[in-house]
Amino acid sequence: MRWGPAAADDGVVERPFWVPSGDRTVPGLLWTPVRAVGPRPLVLVGHGASGSKREGYVVTLARQLVRSRGYAAAAIDGPVHGERRPDADAPPMLVLLEFSQLWAADPTMTDRMVADWRATIDALECLEGIGPGPVGYWGLSMGTILGLPLAAADRRIGVAVLGLMGLTGPSRERIALDAPRIRCPLLFLVQWDDEMFERQAAGALFDLFGSADKRLHAYPGRHGQVPDEAFAASEAFLARQLEVGVP
């Protein structure tokens, strides 16, 4: 694992890292409190298909979890995103198009991203001040397309917030197989007027989850109009699960 220079601001330390995973190098960011608070839970934050680990809502949520809860938070770039691209300033619609093409053409993409997330957990849980304990995962849209299989594959994921996704798309069969394998507490977010993943497909996916504790929150608006209320509900749900047994 390789680290970049740390930057501290408003009680939060942000530090880039690069983790080996097979023949790939996974670029990521880690956010932690400036002041040591003892062992703290880790939350992974997955970004959407047109963004990167530095997407505004990713950074905002990560910093909020650090400031208000004292957690550690981490994000990595998706398969054709951020530092994995030769053109880091590519327009979001081009990145979205390339991801959509890869999703349709390469069935191994999901397994590679699951391996990259697991390599990230392996590296971060060894750090002083992180864990032991369950890991949280938050990811909507592409963050669910690639994070749902992670939550199904890795029992270290002890709580998940997913959403803005339905039982549809090129990896529909994989999603249908993985969803019943998810047993951790789950919050599923839906935008009622989502133009990319219709509410019927979202409901079909929600029905498949195997979690005994699964909750669906629906909000008015289109795919990209997730309200602040949904982020606040996400933080509260993660905290209820991650702080069980924490002194």
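Rings of Phe, Tyr and Trp (its six-membered ring) pair if their centres lie within 6.5 Å; planes under 30 degrees apart count as stacked, over 60 as edge-to-face and the rest as tilted. By this rule there are eight aromatic pairs here. This is a predicted model, where local features need pLDDT of at least 70, side-chain atom pairs count only at pLDDT 80 or more, and totals for chains, interfaces and linings use all residues. Residues are numbered from 1 along each chain as its sequence is written, and side-chain values use heavy atoms, with hydrogens and water left out.

Select Tyr57, Trp138 and Phe231. They form one aromatic cluster.

Next, select Asp9 and Arg63. They form a salt bridge (a side-chain nitrogen of Lys or Arg within 4 Å of a carboxyl oxygen of Asp or Glu), with the closest N and O atoms 3.1 Å apart. Asp9 is in strand 2 (residues 7-9) and Arg63 in helix 1 (residues 56-69), 54 residues apart. Helices (H or I, at least four residues) and strands (E, at least two) are DSSP runs, numbered from the N terminus.

Is Arg63 buried or exposed? Arg63 is buried, at 14% relative accessibility. Buried means under 20% relative accessible area, exposed over 50%, partly exposed in between (1.4 Å probe, protein chains only). Asp9 is partly exposed, at 48%.

Now select Glu235 and Arg69. Their salt bridge has its closest N and O atoms 2.9 Å apart. Glu235 lies in helix 7 (residues 228-242) and Arg69 in helix 1, so the pair ties together parts 166 residues apart in sequence.

Finish with Arg118, Asp122, Glu125, Asp154 and Arg156. A network of salt bridges links them.
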